[in-house]
Amino acid sequence: MFTDCKVRWANRLVLGILGEVAKSKDLKKGDVVKTFSKGKDAKVTAAFWDVLAEKAGTETFGVLFSGVSYCEGCNRFHLDELDPDRTKQLLGEYMKTLPK
Ligand SMILES: [Zn+2]
């Protein structure tokens with residue numbers, strides 16, 4: 001379950017996307033992050049995948065990633081990657097705009 005714990009970029013990407021979700025819905029980022037980490041709000045979850053698809057220029061769920069989860073072990077978000085090379089290709093530029 002904690003096999004992805006070394007992958008720090010996934011957490012940066014998820015937080016960046018959630019920041020955009022918060023902005024678009026006029027919500028506080030902290031609230032969106034909390035809601036999303038619990039996975040209890042389908043609208044927030046759907047908005048996350050929508051914004052991510054927008055940034056990647058393609059659908060990502062089931063294409064680049066099979067899922068996202070909040071890891072209690074390291075207090076970070078993890079993404080389950082399906083196509084790491086394509087992810088780098090499609091989201092590499094956006095990743096550069098995110099805080100380290
Ligand atoms: Zn972890």
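Read along the sequence, the protein runs α-α-α-β-β-α. That pattern holds 4 helices and 2 strands. Helices (H or I, at least four residues) and strands (E, at least two) are DSSP runs, numbered from the N terminus. This is a predicted model, in which local features need pLDDT of at least 70, side-chain atom pairs count only at pLDDT 80 or more, and totals for chains, interfaces and linings use all residues. Residues are numbered from 1 along each chain as its sequence is written.

**Overall form**

The C-alpha atoms fill a box of roughly 35 × 30 × 25 Å along the principal axes. A compact globule of 100 residues would have a radius of gyration near 13 Å, and the protein agrees with its 13 Å. That radius is taken over C-alpha atoms, and the globule rule is 2.2 Å times the number of residues to the power 0.38.

Buried residues make up 22% of the 100 residues. Buried means 20 or more other C-beta atoms within 10 Å of the residue's own, exposed means 12 or fewer, and partly exposed lies in between, with C-beta atoms placed from the backbone. Two residues are in contact if their C-beta atoms, placed from the backbone, lie within 7 Å. Among contacts with a separation of 6 or more, 45% join residues 24 or more positions apart.

**Helix packing**

Two packed helices are described by the angle between their axes and the distance between the axes. Here the axes are lines fitted to C-alpha atoms, for helices over the stretch in contact, and angles run from 0 to 180 degrees between N-to-C directions.

| Helix pair | Axes come within | Crossing angle |
|---|---|---|
| H1 (residues 8-25) and H3 (residues 42-56) | 9 Å | roughly 110° |
| H1 and H2 (residues 29-38) | 9 Å | roughly 120° |

Take H1 and H3, whose axes cross at roughly 110°. That makes H1 roughly perpendicular to H3. Angles under 35 degrees count as roughly parallel, over 145 as roughly antiparallel, 65 to 115 as roughly perpendicular and the rest as oblique. H1 passes H3 in a right-handed crossing. A crossing is right-handed if the near helix is turned clockwise from the far one by less than a right angle, and left-handed if anticlockwise. From H1, the contact uses Ile17, Leu18, Glu20, Val21 and Lys25, and from H3 it uses Val44, Ala47, Phe48, Val51, Leu52 and Lys55. These residues divide into 8 nonpolar, no polar and 3 charged. Ala, Val, Leu, Ile, Met, Phe, Trp, Tyr, Cys and Pro count as nonpolar, Asp, Glu, Lys and Arg as charged, and the others, Gly among them, as polar.

H1 and H2 cross at roughly 120°. That makes H1 oblique to H2. This crossing is right-handed. H1 brings Leu15, Leu18, Gly19, Val21 and Ala22 to the contact, and H2 brings Lys29, Val32, Val33 and Phe36. By class, the contact has 7 nonpolar, 1 polar and 1 charged residues.

**Single residues**

Most residues other than glycine have a negative phi. Aspartate 26 has a positive phi of about 55°. Aspartate 26 sits in the loop between H1 and H2 and is exposed, with 6 C-beta neighbours inside 10 Å. Asparagine 75 also has a positive phi, near 55°. Its place is the loop between strand E1 (65-71) and strand E2 (76-81). Asparagine 75 is exposed, with 9 other C-beta atoms within 10 Å.

Aspartate 50 lies in helix H3. With 17 other C-beta atoms within 10 Å, aspartate 50 is partly exposed. Aspartate 50 and phenylalanine 61 are 11 residues apart in sequence and 9.3 Å apart in space, C-alpha to C-alpha.
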